[in-house]
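The entries follow the order in which I checked them.

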Amino acid sequence: MSERGEAIRVLHVDDDPGLVDVAATFLEREDDRITVRSATSAADGLAVLEAHEVDCVVSDYEMPGQDGIDFLEAVRETDPDLPFILYTGKGSEEVASEAVSAGVTDYMQKETGTDQYAVLANRVANSVEQYRAEQEAERTRRRLEELSESTTDCLWMFDRDWEELLFISGYEEVWERPESAIREDPKDFLNGVHPDDREFVSAAMDRLSDGESIDIEYRILRGGGEQGAVWVKGEPVFEDGDVVRVVGFTRDITERREQSRRLETLISNLPGIAYRARNEPGWPMEVVRGECEELTGYTAEAVESGAVSWGGDVLHPDDRERIWDTVQGFLEEDRPFEVTYRIRTEEGETKWMWERGRLVDAELEDEPVLEGFITDITERRRREQELRRYEAYLEESTDIITVLDDDGTIKYQSPAVTRLLGYGQEELVGENGFDFIHPDDVEELLAHFEDLLSDPGATTTVECRFRTADGDWVWLEVHGKNQLGNEAIEGVVTNNRVITERKEREQDLERTNALLSTLVETLPVGVLAEDGSRNVLAVNERLLELFGIAGSPAETVGADCERLAREVSDVFADPEEFVARIDRLVDTRESVRGEELHLRDGRTFARSHEPIELPEGEGHLWVYREITERRDRERRLRETTSRLEALFEQSPDMINVHDTEGNIIDPNPRLVEKTGYDREELAGMKVWELDQTLDRDAARDFWAGMDHGDRERLEGVYRRRDGSTFPVEVHIRRLELNGDDRFIAISRETTERKERERELSRQNERLEEFASVVSHDLRNPLNVAQGRLELLAEECDSEHAEPAREALERMGRIIEDVLWLAREGKDIGTTGTVDLREAVGSAWEMAAADGAELVVDLTGSPAVDADGDRLGQLLENLFRNSVEHAGEDVTVTAGESEGGFYVEDDGPGIPEAEREDVFDAGYTTSQEGTGFGLSIVERIAEAHGWEVEVTESPSGGARFEVTGVEFVDE
């Protein structure tokens with residue numbers, strides 16, 4: 001019984017009047033807060049909801065008129081959040097999924113016995129309590145949201161331990177962190193607290209949780225990584241003297257805090273000295289900030305106190321008079337002044353300074369003062385001197401230094417451009433350098449330039465022709481480096497050297513080596529070059545091998561080509577024609593490609609001839625290639641094609657070839673026979689005219705998505721010439737035939753298979769219908785009988801009550817086993833690695849009697865590939881079979897056997913004549929058994945691909961062996 005609390009009003013709807021009465025009695029007994037109103041149809045239930053206040057609805061699924069889902073949807077139309085529990089005898093994944101989609105609060109399947117009502121009462125109470133808590137939280141949230149709309153602060157509420165976020169607003173505006181992050185992790189804001197302040201903030205949180213108000217400021221790191229500051233005030237909320245919640249606000253004070261220290265920070269961190277001084281000789285300074293000691297060696301305090309005089313001790317003696325006169329001149333003209341001068345540091349070092357200042361009114365006294373800024377320019381002066389030296393170097397350099405923008409615009413050219421190219425030093429600045437490059441060289445130069453741009457700091461070297469001021473072309477060797485990231489340059493630097501003379505020499509050399517390049521490019525064919533005098537100019541090893549010529553290429557160079565041709569002519573089928581053809585080609589200088597030459601030994605050569613120009617005159621290039629193997633391949637290809645054509649014509653499957661537009665190009669005789677069209681008719685049809693399931697546009701898109709060599713399987717329906725149709729299974733492949741894009745479709749009629757599938761579907765429908773009858777029409781009356789029997793047993797004592805209860809429980813087990821066989825049968829879920837030892841132990845806990853003993857005969861913890869739930873059910877049924885038939889003091893052994901595992905007992909065993917019958921559904925020799933346990937064992941084994949066999953154990957009891965099991969190595 002629950003303690004008295006707020007009442008829970010329940011509406012129970014079920015079409016079985018006996019069941020609603022029993023359920024009402026037991027629900028009210030389980031929880032004294034519950035009162036039940038009953039209805040026997042969805043329509044009656046809606047009427048009750050309209051007339052009475054209800055805190056929770058409990059409904060059956062299968063009812064006349066509106067079923068439980070229809071009833072749920074009707075309730076949701078008027079009350080989207082009212083707790084609704086679907087409590088049904090007809091349970092399935094489909095019904096559960098539909099109920100969840102319709103907004104069910106909970107889903108519970110009816111069981112046998114009265115223990116189920118305790119579970120149902122608990123779920124009703126939990127659902128109502130959660131619903132009421134959500135309603136109260138929603139009211140609180142609405143009040144807080146109204147408050148949050150009028151403030152720019154981040155308002156918050158947490159539980160005492162900061163583990164649950166009860167309310168938040170303005171989080172993203174203040175913290176610049178996503179609100180979803182703090183809703184997932186209530187302490188997400190700590191990730192935004194500056195690391196140096198987190199310990200301080202955590203301590204403040206603890207004080208607040210302990211009942212102390214807080215008022216603190218600390219630094220934060222916003223979502224983008226920038227630093228900010230916030231002001232936080234927090235208050236504890238007490239209930240019955242204990243802190244239950246903490247509330248407060250967080251305000252962004254970054255601007256306010258920054259403004260107070262921005263000026264001081266700016267002045268103190270300037271790379272120089274900021275000052276205020278009186279405008280009188282010596283310039284006594286009243287305020288000094290910045291790098292005074294770093295630049296001068298004197299501390300700011302020494303200068304401010306007057307212990308060190310800026311004009312007397314720091315300013316260089318040679319510059320004092322000049323600087324005083326210059327500054328006074330600017331002041332007389334009421335203008336800011338800028339001066340450059342030297343100072344002497346405390347250690348006697350001379351530095352150059354640049355100063356900018358102005359005359360301003362004093363804040364405390366009515367006399368003017370100077371305010372200004374001084375910075376060290378010693379390094380800049382040094383660089384200026386170096387720059388002047390570099391300019392002198394560039395003036396006399398034999399190379400041209402150029403700096404380009406990233407688009408090729410010239411930013412700078414060294415003075416050598418005038419001496420080497422004739423342009424004035426500034427004449428090309430602002431022009432695009434690629435406009436002066438020879439058109440034949442622009443593409444290569446651009447490629448190198450783009451490579452430079454893509455890799456900061458990269459270098460490259462390229463040669464190109466550049467137009468001079470006179471319009472001539474000179475060759476330049478250009479060395480480029482990417483200096484775009486260098487703040488001093490910010491460009492691509494090129495060092496350009498004139499190499500015209502060298503380039504002309506290289507071109508002469510390239511022409512001389514043209515023959516060698518040609519030979520290299522044509523390898524590994526046989527190559528021979530001859531000069532205008534018919535002497536061998538060059539030859540490669542491959543040609544010597546082809547003709548069987550002794551010696552090396554070097555030894556053959558200089559040989560008489562006419563004599564060499566006569567010496568090798570005997571290997572050809574027509575020697576005289578071989579020599580004569582060479583002479584004709586030399587005389588006519590005709591180019592030929594791949595003319596065939598037949599040899600006496602059966603080989604075939606292909607010859608090519610090309611007249612060439614040499615530095616010293618004309619010449620000839622000969623190329624010989626053996627093509628015997630290629631000719632053999634062509635012959636084999638013709639033979640293979642003939643065999644494939646025979647298979648195409650004689651195949652028992654229907655075959656057609658079509659193009660990418662769906663035009664049937666080539667049907668085979670089997671397709672003609674099965675459809676009744678003649679070959680010409682089919683060849684003039686579209687694929688979708690033959691296959692009635694194809695849509696033209698969808699088919700084209702499908703084909704376009706296939707790559708060459710891809711295979712796909714489709715289901716279709718072909719139309720015969722007489723208008724009748726038949727189903728087919730089509731295997732389609734994309735490939736290239738004779739250079740054309742084609743699809744080969746191989747089809748097979750599937751009429752008989754489809755009929756088998758339809759018959760199997762009808763059998764499954766009848767099986768589901770049977771399961772529904774068992775589930776709803778038998779289980780409900782059984783529940784009523786069990787409930788009435790328990791109530792009757794409380795009113796009177798009868799020796800018949802216990803046997804009746806046991807009989808009803810046995811009926812319940814029979815119903816469960818029949819339902820399992822009917823609905824789940826041979827199906828298993830996802831398989832995986834299952835520890836057999838753990839599975840045996842878990843199953844024994846579920847099935848063992850008090851006096852029974854289990855012996856585990858396993859080596860280690862063998863693992864098997866199985867559906868863990870189904871394996872457990874198999875073992876549980878085998879253990880329960882032993883207990884039911886051998887008695888509660890039975891000893892059961894589970895162990896590993898060859899190819900699987902076994903379960904055996906020391907009971908009376910199973911006669912050999914009956915062993916084939918024990919797996920039949922309904923077979924049992926026990927008064928307690930359902931007759932379905934071993935049938936379920938067989939079904940589970942078959943679903944895994946295992947076999948189960950019953951034999952005799954060593955003690956004479958029953959032994960069940962499961963084989964074909966796959967063990968997994970872990």
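Which residue in β7 is the bridge partner of Trp-156? I found Ile-168 in that place. The model is predicted, so I kept to the limits that local features need pLDDT of at least 70 and side-chain atom pairs count only at pLDDT 80 or more, while totals for chains, interfaces and linings use all residues. Residues are numbered from 1 along each chain as its sequence is written, and side-chain values use heavy atoms, with hydrogens and water left out.

Entry on pairing. I noted that β6 pairs with β7 (residues 165-169) in the antiparallel sense over four bridges. Strands here are DSSP E runs of at least two residues, numbered from the N terminus, and two strands pair if DSSP finds at least two bridges between them. The two form a hairpin with five residues between them, and Trp-162 in the turn has a positive phi of about 60°. I also traced six bridges from β6 to β10 (residues 242-252), again antiparallel. In β10, Trp-156 has Gly-248 as its bridge partner.

Entry on burial. In β6 (residues 154-159), I found six of six residues buried (under 20% relative accessible area, 1.4 Å probe, protein chains only). Cys-154, Trp-156 and Phe-158 point one way, and Leu-155, Met-157 and Asp-159 the other.

Entry on Glu-349. I located Glu-349 in the loop between β13 (337-344) and β14 (350-361). Glu-349 is partly exposed at a relative accessible area of 44% (the class between 20% and 50%).
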